[in-house]
Amino acid sequence: RKGYEPMGLEIAHDLSGHLDVLVAGVGTGAALMGTMDGLKKAGVSANIIALEPLQSPLLTRGKGGPHKVEGIGVGFEPPFLDRAQLSEIRAIDQGDAFVMCRRLAREVGIFCGASTGLNVVAAIALAEELGSGHRVVTFGCDNGTKYLGGDIY
C-alpha cells in the first residue's frame, strides 16, 4: 500500500488538488488505498470508489464467483481494502469491460487489459452522473498484449 502513495501525490500535483473521485478495481486493495493515502497526504479529499466484476460480487453482495477480469475480484476480502474509507463499491459487468477495451484500442489507441476496461467503464459512468466540472480519476493497469489469445481481442 505504501508503494502507491507517490501515485496519489503525483495525481494531486498534476490536477492541482482538484479531484472529485478516485475509482478503481481492487485485487488486494493496495493500489486504490495507497493512492488514496497519497492524495490525503497532499491535502486532497476525494470520494474513493472500489470496483469488482459483476460476475464475482463478493464485496457488494457477499458471494464471489468465476470471472475473466485478471487481477481483481480475487474471491476473498482484499487485505488492504479499508471499507471505512470508501464512498461506495460498484460491480461492473466484465462484458462491458471487454467492449471498452476494444473501443479504447480502436478509438484512442489505448491497448489495455480487462481491469483497465472495467475502470474506464466505471469512470465514464461516474463522470456522466456527476456532470461537467468534476474530475474522475482511474488507473490504466496493463497493456493488452497478454490478452490477445483470450476473451477480449
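## Sheet

Four strands, in the order β3-β2-β1-β4, make up an open sheet with parallel pairing. Strands are DSSP runs of E of at least two residues, and helices are runs of H or I of at least four, both numbered from the N terminus; two strands pair if DSSP finds at least two bridges between them. The edges are held by β3 (88-92) and β4 (136-137), each with a single partner strand, so one side of each has no neighbour in the sheet.

Strand β1 (residues 21-25) runs parallel to β2 and is joined to it by five bridges. Val-21 stands opposite Asn-47 in β2.

## Basis of the model

The model is predicted: local features need pLDDT of at least 70 and side-chain atom pairs count only at pLDDT 80 or more, while totals for chains, interfaces and linings use all residues. Residues are numbered from 1 along each chain as its sequence is written, and side-chain values use heavy atoms, with hydrogens and water left out.

## Helix packing

Helix α4 (residues 94-108) packs on helix α5 (residues 114-130) at an angle of about 95 degrees, and their axes are 7 Å apart. That makes α4 roughly perpendicular to α5, a label for angles of 65 to 115 degrees. The axes are lines fitted to C-alpha atoms over the stretch in contact, and angles run from 0 to 180 degrees between N-to-C directions.

From α4, Asp-96, Ala-97, Phe-98, Met-100, Cys-101 and Leu-104 meet Ala-114, Gly-117, Leu-118, Val-120, Val-121 and Ile-124 of α5. Contact here means heavy atoms within 4.5 Å. The contact of α4 with α5 has 10 nonpolar, one polar and one charged residues; Ala, Val, Leu, Ile, Met, Phe, Trp, Tyr, Cys and Pro count as nonpolar, Asp, Glu, Lys and Arg as charged, and the others, Gly among them, as polar.

## Cavity and pocket

The whole structure has one cavity of 30 Å³ or more. On a 1 Å grid over the protein atoms alone, a cavity is a set of points where a 1.4 Å probe fits but cannot get out; a pocket is an open set with protein on both sides within 12 Å along at least five of seven lines, and lining residues have an atom within 4 Å of a point. The largest cavity has a volume of about 60 Å³, volume being the space filled by probe spheres set on the points, which are joined across faces, edges and corners. Its lining includes Val-26, Leu-51, Glu-52 and Phe-76. Both β2 (47-53) and α3 (58-61) supply at least two lining residues each.

The largest pocket has a volume of about 240 Å³. Of its 17 lining residues, Gly-27, Gly-71, Ile-72, Ser-115 and Cys-141 lie nearest its centre.

Technical notes. Angles under 35 degrees count as roughly parallel, over 145 as roughly antiparallel, 65 to 115 as roughly perpendicular and the rest as oblique.
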